Amino acid sequence: MSALRPLILLGSATLLLAGCADPSEPTAGSAGTPSGAASSAAPITENAALAAKVPATLKASGIKIASDVSYPPMDFFASDNKTVIGAEADLDKALGTVLGVKVTIVNVPFDSILPGLQSGKYQLGVSSFTDTAEREKVVDFVTYFDAGTSLLVPSGNPKALKPEGDSLCGRTVAVAKGSTQALVDLPARAKTCKTAIKASTFPDGTGVNLAVTSGRADAALADSPVAAYAAKQSGGKLEVAGDSYGNAPFGIAVPKNSELTELLKSALEDLKASGGYQQVLAKWGLESGALDKFEINAAS
């Protein structure tokens with residue numbers, strides 16, 4: 001999450017083949033309706049020079065990408081509850097195509113992703129990780145998207161809540177368990193509150209959204225693209241209040257000193273030059289989060 005992705009979650013992992021399909025193709029069984037990419041967009045193709053640099057062992061085995069598949073529109077399950085879809089899932093496939101290697105998305109509890117990278121269980125982590133200096137101590141990052149924090153409220157915003165100021169003081173605010181929203185954002189706000197904010201924590205974004213629609217929470221804090229998508233899919237029950245804040249880049253998490261780090265940066269640059277990067281974001285209505293350039297460990 002944009003400084004907000006959950007850090008602590010528990011659950012089981014499920015292996016799901018992402019393949020190397022062209023993400024410009026419409027996704028069957030999608031929950032919600034992404035903004036379709038232009039049909040005239042050029043197909044995403046392999047870059048032979050980059051593909052030649054992929055280590056032989058990974059060419060043979062493929063790349064396992066760990067992701068917490070509970071975060072639409074970035075990563076979530078289609079209506080068959082098996083197929084992983086979303087902007088990050090499409091980016092995973094596109095990068096696999098450019099590098100000429102099979103990619104497999106593994107549904108992993110968020111707090112297990114970085115330890116899994118360190119142990120060699122997975123080669124990449126793509127799960128709306130904000131590139132932070134603290135996380136860079138254990139993994140490297142290749143940035144690919146810019147996001148901020150948004151305040152999600154019931155439609156009509158009956159309590160006139162705002163992302164800025166002290167209107168959340170004394171309110172119940174839903175956040176993801178272990179997220180920076182819970183660990184940093186709300187505690188920082190609480191320092192100026194005369195009446196404490198009550199943090200209501202949930203293991204995933206679905207629980208956070210339901211807390212607001214059910215009235216168990218007055219509002220929620222979430223990444224800007226996720227909050228916007230939740231509001232759009234809520235059937236008029238939710239809306240985003242005010243502007244987003246605290247923008248920071250998401251990064252692909254890579255084990256320290258991996259041969260894939262520079263390759264991923266080059267593959268992203270290839271996708272941007274071909275229009276494939278923009279194509280992926282446009283499919284999900286996320287063009288505003290496009291980066292002008294991709295960086296390694298941007299927080300350092």
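**Entry 1: largest cavity**

I began with the lining of the largest cavity and listed Met74, Ala87, Glu88, Leu91, Tyr144, Phe145, Tyr277, Val280 and Leu281. I then asked which elements give two or more residues to this lining. They are helix 3 (87-99), strand 7 (139-154) and helix 9 (276-283). I note that the model is a predicted one.

I looked up the volume next. The largest cavity holds about 50 Å³ of space. I also sorted its lining by residue class. Eight residues are nonpolar, one is charged and none is polar.

**Entry 2: how many cavities**

How many cavities of 30 Å³ or more are there? I counted two by this rule. That sent me to the other one.

**Entry 3: second largest cavity**

I read off about 30 Å³ of space for the second largest cavity. Around this space I found Ile63, Ile65, Asp92, Leu95, Gly96, Leu99, Val103, Leu124 and Leu264. Strand 2 (63-67) and helix 3 are the elements that give two or more residues to this lining. Which of the elements supplies the largest share? I found that helix 3 does, with four residues.

I sorted this lining by class as well. I got seven nonpolar residues, one polar and one charged.

**Entry 4: helix 3**

I went back to helix 3 to close the page. Helix 3 gives two or more residues to the lining of the largest cavity. Helix 3 also gives four residues to the lining of the second largest cavity.

Technical notes:
Residues are numbered from 1 along each chain as its sequence is written. This is a predicted model: local features need pLDDT of at least 70, side-chain atom pairs count only at pLDDT 80 or more; totals for chains, interfaces and linings use all residues. Side-chain values use heavy atoms; hydrogens and water are left out. On a 1 Å grid over the protein atoms alone, a cavity is a set of points where a 1.4 Å probe fits but cannot get out, and a pocket is an open set with protein on both sides within 12 Å along at least five of seven lines; lining residues have an atom within 4 Å of a point. Grid points are joined across faces, edges and corners, and a volume is the space filled by probe spheres set on the points. Ala, Val, Leu, Ile, Met, Phe, Trp, Tyr, Cys and Pro count as nonpolar, Asp, Glu, Lys and Arg as charged, and the others, Gly among them, as polar.
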